Amino acid sequence: MEGDGSETLVTIKNIERELICPACKELFTHPLILPCQHSICHKCVKELLLTLDDSFNDVGSDNSNQSSPRLRLPSPSMDKIDRISRPGWKRSSLTPRTTTFPCPGCEHDVDLGERGINGLFRNFTLETIVERYRQAARAATAIMCDLCKPPPQESTKSCMDCSASYCNECFKIYHPWGTVKAQHEYVGPTTNFRPKILMCPEHETERINMYCELCRRPVCHLCKLGGNHSNHRVTTMSSAYKTLKEKLSKDIDYLIGKESQVKSQISELNLLMKETECNGERAKEEAITHFEKLYEILEERKSSVLKAIDASKKLRLDKFQTQVEEYQGLLENSGLVGYAQEVLKETDQSCFVQTAKQLHLRIQKATESLKSFRPAAQTSFEDYVVNTSKQTELLGELSFFSSGVDVPEINEEQSKVYNNALINWHHPEKDKADSYVLEYRKVNRDEEMLSWNEIEVCGTSKVVPDLESNCNYAFRVRAYKGSICSPCSRELILHTPPAPVFSFLFDEKCGYNNERLLLNLKRDRVESRAGFNLLLAAERIQVGYYTSLDYIIGDVGITKGKHFWAFRVEPYSYLVKVGVASSDKLQEWLHSPRDAVSPRYEQDSGHDSGSEDACFDSQPFTLVTIGMKKLFIPKSATSANEPENRVLPMPTSIGIFLDYDKGRVAFYDMDHMKCLYERQVDCSHTMYPAFALMGSGGIQLEEPITAKYLEYQEDM
């Protein structure tokens, strides 16, 4: 018996790697079984969901700008617009709640469904094994009685019905003969108490009594009758138990029978590891040799180039020095002029004429050089600039000989950056790559080379979170087939938004006109319908007709900090206005009388911020006009008045950047993250994203990039 106990202890200790949670890297605590059949601690699942839920709702607003947090505020209602500054906004039930996250074990996304964690089974078997491991690891540590008065005695048994451990005396006291408690089930001392009967997480009052073969999970009879498993093939629990136990036993017997083969293969793997280590060191030495040869070539070329530059510099300086000496000779009492002055002192005519003739020619030549001054050499070394662009590109592509793994290519059209970065790539030989490594780093303006961050990816796309605002990032990817790596792809440079992404939906309560505006269920898309009601209003067209703008705003207000949001205007839109507006201005607009046939209502007075720019430095709103596939830059005192300078092609996606504290608003082309227009805005009140539509049109808010967004893109 002692030998069996020792063998059990060794076995338990040898399986430690199977008892480690892939998320926290510690022993499992209350493990749950995910839909992919991997187990993870209960607390780890909660932490993962909370992290992803925060990143979806807050979309990085706080972690990028801690000093300027965004406040969630209720949108201004028609009757209580004066109370809009009160915090405490709460999104409706239509807001998506994160239930999808990547499994730490297999890295595939798992969806927990509507019930979330409550729909997962607790892995009691794994929990029991972990407890046995803990006991084996702390064999010298006894489990104490839970009912003893201090000091407690060492327990001798644990009651599974009471979920407590007892010494012999306490067990007799609390489980007296002739009572119901005397029938309780007891085991050896343990801290792991699990229920006798598994209950269904979907129907909490029902026992688990069947096994769904399609979903590979236990279910109750209600799940089969009218639940999610009604059309699935199920079997009885006893039959599933017998079948799975037989299969598992056969597999274990097979592995035990192959023990000698396993040991032989382990020895072979150890030899391969040593060989790999030697070959790796040899490959490093060869690589160093090749690079040293390149260094020698570069040093040789460097020396040659520097010698050529020095020779040219010396020749030019010599010419300049000669020219300086010649010009110094033209000064009084020195050089040529001094010599001529001495010649003039000669009184003998014959001697003077003999010397003066040649001297006069030299004086004339010097005089001409003064009239047309020309340096003896050039100062520019433009011809000596070393062109390394081709060599730099070649060195950047420096890699190993062809390894049989093609280079993946990043798809620039499908890659984008918003709250996170979404990188997509394709591989010519997709089936030949086992995995990919996505590398990214921030590109500094001072060209400081930062180290690359690496992410291992199983598919051909990845969401990269936690990027800094208003920065350039370089991305590249390489493919792996076993231990063979492909060269890196060409780098893709993406510029992050100028501020954390602001998360909001359209408000269907404040000023929303459901006769002419159509809002989808998710409240992230609105369309304007120029339908029958508009035709009826235009019946008196002969006396003049003024159509009105239909306003809709965001359901979240801004009272501090920097924020950025983006949207798409449909190409068929006739007239759309987008921007920001303060709560008091919204009250004025939404309460203004709208007489559609009265010329006294000047609908466009001041709503596009264009005509007032020359008169006011700062207003409580700014709206830019978009329509007919064009974006119109508002007039201002500093901008040109020509229409061609103010009319731009409509970007595919438009971004708005609001700096509440500095009172600045800017409009961006999201495709190139380029600022198109910027101006001051009065932020003395709560500011809201504001939109207005006239005629047919549509606006779609950009969806934050999350793991669920990536899954949707792949399905598309």
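**Note on the aromatic contacts**

1. Arginine 316 lies over the face of phenylalanine 381, 4.3 Å from the ring centre. A charge is taken to sit over a ring if NZ of Lys or CZ of Arg is within 6 Å of the ring centre and within 35 degrees of the ring normal. Arginine 476 also has its charged end over a ring, that of tryptophan 452, at 3.9 Å from the centre.

2. The model is predicted: local features need pLDDT of at least 70 and side-chain atom pairs count only at pLDDT 80 or more, while totals for chains, interfaces and linings use all residues. Residues are numbered from 1 along each chain as its sequence is written, and side-chain values use heavy atoms, with hydrogens and water left out.

3. Rings of Phe, Tyr and Trp (its six-membered ring) pair if their centres lie within 6.5 Å; planes under 30 degrees apart are stacked, over 60 edge-to-face, and the rest tilted. The count is 14 aromatic pairs. One of them, tyrosine 166 with phenylalanine 171, is edge-to-face, with 5.9 Å between centres and 75 degrees between planes. Tyrosine 166 counts as buried because its relative accessibility is 5%, and phenylalanine 171 is buried at 13%. Buried means under 20% relative accessible area, exposed over 50%, and partly exposed in between (1.4 Å probe, protein chains only).

4. Phenylalanine 506 and phenylalanine 691 also pair edge-to-face, at 5.3 Å centre to centre and 80 degrees between the planes. This pair links distant parts of the chain, 185 residues apart. Both residues are buried.

5. Phe506 and Phe691 belong to one aromatic cluster with Phe502, Phe504, Trp565 and Phe567.

Conventions: Helices (H or I, at least four residues) and strands (E, at least two) are DSSP runs, numbered from the N terminus.
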